[in-house]
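Visitor: I am new to this structure. Could you show it to me and take a few questions?

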Amino acid sequence: MGEGLEQLSHVSDRAGVGAGMIPRWVAPCVVVAFAFVMYASGGFVGDYASRVMLDTGIMMIAAVSLTIVNGFTGQFSIGHAAFMAIGGYVSGWLTYYGLLATLGRTTDLGAEHGWLLLPAAIIGGLAAAGAGWLVGLPSLRLRGDYLAIVTLGFGEILRVLLQQTDRQRFSSQEMSEVGLLGLIVPPDVGGASGFESIPKLTNLAWVYLMVGAVILFAIRLKYSSYGRAMLAIREDEIAAESMGVNVTRMKVRAFMFAAFFAGVAGTLYAHQPGTLLRPADAGYARSFDIVIMVVMGGLGSISGATLAAIVVSLLNVGLLELADYGAMKWRMPIFALLLILIMIFRPQGLFGLREIWDFFRSRDRTGGGR
Amino acid sequence: MLLSVHDLDVHYGAIQALSGVSLEVEAGQIVTLIGGNGAGKTTTLRAISGMIRPTRGRVMFDGREITSTPAHALVSRGLCHVPEGRGIFANLSVSENLDLGAYCRHDRLGIAEDRERALELFPRLRERLKQNAGTLSGGEQQMLAIGRALLSRPRLLLLDEPSLGLAPQLVQLIFTIIREINGTGTTVLLVEQNAHMALAVAHRAYVLQTGRVVKSGPARQLLEDPDVKKAYLGG
Ligand SMILES: Nc1ncnc2c1ncn2[C@@H]1O[C@H](COP(=O)(O)OP(=O)(O)O)[C@@H](O)[C@H]1O
Ligand SMILES: [Mg+2]
């Protein structure tokens, strides 16, 4: 009898979230963490600490979103920063020139403009998802390592293209001289010297709201029948196809979801106080950081990627802290060493394919660590 | 005819794997395709289920042409292919593997019923529902592959060497179950190297040799055929 009920609950899981998959304590923890961040953003945390928390949160969004491609579907995308850059440049162009045209300035904004970040993030995300479709469709049709090559190439091409963009306009008068079309082709986003004075709309509340959104989205996805199909692709493409999964379409969707949230992360980054959006932000250096987080966290582990994003970000901060002693040149060697150690001692990443809550559940899922 | 294959050619690059293969599967029957290693059995199944495109020929399923229809689109039409090597999702639980079998369906009650039926057919899977499928033994994995396929409620089940690498009593069990599945109305196209067992359970049989059908007929008749005996039944 009990068996029959369990079966039914399995079936009901198909439609939405396996609510039973996640222990009850996760939700309150998230709420408490969020409340803390909201409180902290009210000035409790100093400038420096809040800067670190912003950086960390943005990297958490990037890492969790890349997990959907690299972890769920088992594809290897190594150009995630390019989608961040697209989100950042597109949304930055909109908010910067939008405010310049209507308000005449993009700095010293009052709190009443804070809401602008939400449409900016959505548009930045959609722009990145569109780019994800263009990049993903041809390369995900083919099996093999095409995606890695194409995404890497895409990031580098984008970086070079961004360097060739027109210089930025700094007044509404200048804007009307070039006209709307002139602002768009080629975009007046500052070329190699970077895109300055994007309105500083990003704050801790926005960042951690988006962190919550991407984590929630990824969890819901993972335990839906949709997400299970993605995991099946990672495990065995041919078998997934023979179960009726449209493998190419599902891979492209995963890629677009990931690109969307990368675009959101890029929007937050572009509008963050103290950052200058530059063409180099699209390049491989940043992309590798994100890949490292996903690999470190364990392929497909949302909580693993989140934790790894925190670890890598804090490590970056620590090295920056010791910059006076020449620590920055040790950054890549230290990351490389860290990766090697992980590959030796925990090749499946911190959590493997599991989530943090799986460790608190029944142990009967033997061998689940792989 | 539930399935008919006309004059199929398949190439892998320059290599011709099938030349003019024709076969028919009548609804309700078990039809087996036997032949040695490299004869083209797997290729035939893959061409039928749309995993590879034939260079010539036609595949008709249930009165409609399905040549080059992609595999995923055939599942909801009732054609399910259990690929060679089982294709277990090793890092997903047995239960999740079964759920994926019903990926194309949305009738909850029907799925629950079929799931129950599959678990009755393979009680060992019920004990291991929460276990990762990769930790199952070879025989259990084959059971899972077949049970999972049944959850798509196929009208035609394509099985590629289900007995491969299994201990003799498990081979016996798998063939018994194939017959049971057929008994509930599922048509089966069975590819086997174990010609003896395959001919014993099947209604009809085709013998494939270097990409061509060299013999066909009622399974019982082929079991007595001197050439078949010599080539595939060890004398
Ligand atoms: N992916 C492939 N690429 C090239 N040749 C292949 C491929 N798959 C099978 N073949 C060739 O096609 C022929 C038939 O193979 P297959 O259908 O796997 O035979 P069987 O299943 O009867 O053992 C063999 O000669 C084999 O070498
Ligand atoms: Mg074969």
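Predicted model: local features only at pLDDT ≥ 70, side-chain atom pairs only at ≥ 80, totals over all residues.

Visitor: What pLDDT does chain B average?
Guide: pLDDT is the predictor's confidence in each residue, from 0 to 100. In chain B, 100% of the residues score at least 70. The chain B average is 95.

Visitor: Where is confidence lowest in chain A?
Guide: Chain A has a mean pLDDT of 85, and 87% of its residues reach 70 or more. Its confidence is highest in helix α11 (residues 247-270), at 97. At the other end, with a mean of 38, is helix α1 (residues 2-13) of chain A.

Visitor: Which element gives the most residues to the shell around ligand 1?
Guide: The residues around ligand 1 include B:Gly40, B:Lys41, B:Thr42 and B:Thr43. Two elements of chain B give two or more residues to this shell: β2 (15-25) and α1 (41-48). With 3 residues, the top contributor is α1(B).

Visitor: How many residues of that shell around ligand 1 are charged?
Guide: The shell divides by residue type. There are 4 nonpolar and 6 polar residues. The charged count is 1.

Visitor: Which strands are at the edges of the open sheet in chain B?
Guide: The sheet has 6 strands, in the order β6-β7-β8-β3-β9-β10, with mixed pairing. An edge strand pairs on one side only. The edge strands are β6 (79-82) and β10 (212-218) of chain B.

Visitor: Which residue of β9(B) is the bridge partner of B:Thr32?
Guide: Strands β3 (residues 30-34) and β9 (residues 204-209) of chain B run parallel. They are joined by 4 bridges. In β9(B), the partner of B:Thr32 is B:Ala205.

Visitor: At about what angle does α1(B) run to β7(B)?
Guide: α1(B) lies across several strands of chain B, among them β3, β6 and β8 (187-192). It also lies across β7 (156-160). Relative to β7(B), α1(B) runs at about 150 degrees.

Visitor: Why is helix α3 of chain B largely enclosed by the rest of the structure?
Guide: A residue is buried if 20 or more other C-beta atoms lie within 10 Å of its own. In α3(B), the buried residues include B:Val94, B:Leu98 and B:Gly101. Helix α3 (residues 94-101) of chain B is largely enclosed because its buried residues number 8 of the 8.

Definitions and conventions
Residues numbered from 1 in each chain as written. Chains lettered and ligands numbered in written order. Buried ≥ 20, exposed ≤ 12 C-beta atoms within 10 Å, placed from the backbone. Near = placed C-beta within 6 Å. Nonpolar A, V, L, I, M, F, W, Y, C, P; charged D, E, K, R; others polar. Pairing = 2+ DSSP bridges. Contact = placed C-beta atoms within 7 Å. Axes fitted to C-alpha atoms, helices over the stretch in contact; angles between N-to-C directions.
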